Amino acid sequence: MRTEDLINTLAVDRTVDAAPGRTLALALVAGTIIGAIVFAEMLGVRDDVGEAMRTVRFPFKFVVTIALAIAGLSLVSSLERPGANARAAARLLIIPAMLIGSAVLLELMVVPSSGWAPRMIGSNAMICLSAIPTIAIAPLVTVLIAMRHAAPTAPARAGAAAGLLAAGVAATLYASHCTDDSPLFVVIWYSIAIALVAAAGAWLGPRVLRW
Amino acid sequence: MAAALDGDETAYRRLLAALTPVLRANARRTLSRMGAPTADAEDIVQETLLALHLHRHTWRRSSPIGPWVTAIARYKLIDTLRRRGRRAEVTIDDLVDALPDAADQEEELGRQQAARLVETLDGRQGEVVRAISLEGADIKETATKLGMSEGAVRVALHRGLKALARMYKVSER
């Protein structure tokens, strides 16, 4: 086939696929709903949530995890478009990192050193490590499916970004169950769980995002 | 591209035709640097044009088109080389700036990979894509010839082109 014939054929095809932003938004909503159902079946919101909301540490967990989800979303939406500059989005990741970092410093200042270890180890570490990745499966899958409709040119990085977004959603849900509210707990166990999901995304990326 | 997305067929054809020599020059340059036969350049050009076309919804109207085209061209070039088992270390510098001095040689056939793949497209999609690409028919003529509605022809064409892109991905050269 001559290249000219191909060009003429392409020009005749006027069907343009749906904008990637819309596809991604739909996928994220669907993934979050499924993740929330998994979370409700598996754990559910903690019983003293009303009281907990009046503390500082409990609501702060959501500030951090939601900031992570927003940064992940922004990273996904730039990495799924060829030629888009992902640097600004990558910089957004500093926000959740700084939030939890300053919270850890404050916690170390207010809590006597004898209280550090028990708060860090908490009582839900293993649940945290298994629940966040489990809840993240659905949003990770739906986001990766949405990204297949776009055109990520760095599939491993794009997959890792999908992992961060899914982990942000999963951590937000899980945070409403977990009774370990200390930033010392969050910075260790949430981070490990989030890194696991991001690594899974980075591994999956080159396998499922090729086009 | 904005005009093309709004349905201006002529503008779209002109854009693709203008990009072609640049893509061709880059494909040739990279292939010859890798010591690969430059006869394959046209196959890469055609696959890249198809990729640009099928992913044009990922271009943001507010962004310049250069980096978008460059990123897709580079991705397709690396992908092709990787598929052939060569080490892919490719840089396309300022692809769009290269426009004026890009050599436009009249070698448009390559190894006919596209034609071969189009021949193997199944069913209605295959019939539609072949009628339009090889016989130069338009939507209306194709609809009459195959006894389909114009809408069905449009859908079959788009799906057929997507199927073609998938075949490139798994095809061996």
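A residue counts as buried when its relative accessible area is under 20%, as exposed when that area is over 50%, and as partly exposed in between (1.4 Å probe, protein chains only). This is a predicted model, in which local features need pLDDT of at least 70 and side-chain atom pairs count only at pLDDT 80 or more, while totals for chains, interfaces and linings use all residues. Residues are numbered from 1 along each chain as its sequence is written, and side-chain values use heavy atoms, with hydrogens and water left out.

**View 1. A:Thr65 is a buried residue of chain A.** With a relative accessible area of 4%, A:Thr65 falls under the cut-off for buried. Look for it in helix H4 of chain A, residues 57–79 (helices are DSSP runs of H or I, at least four residues, numbered from the N terminus).

**View 2. Chain B meets chain A.** Here 46 residues of chain B and 32 residues of chain A make the contact (heavy atoms within 4.5 Å). Between them the two chains bury about 3,600 Å², with 60% of it on carbon and sulfur atoms; this is accessible area (1.4 Å probe) lost on being put together, summed over both. In chain B, the residues losing the most area to chain A are B:His57, B:Thr58 and B:Tyr75, together 19% of what that side buries.

**View 3. A salt bridge links B:Lys162 and A:Asp17.** Their side chains come to 2.9 Å, N to O (the rule asks for a side-chain nitrogen of Lys or Arg within 4 Å of a carboxyl oxygen of Asp or Glu).

Definitions and conventions. Chains are lettered from A and ligands numbered from 1 in the order in which they are written. Helices (H or I, at least four residues) and strands (E, at least two) are DSSP runs, numbered from the N terminus.
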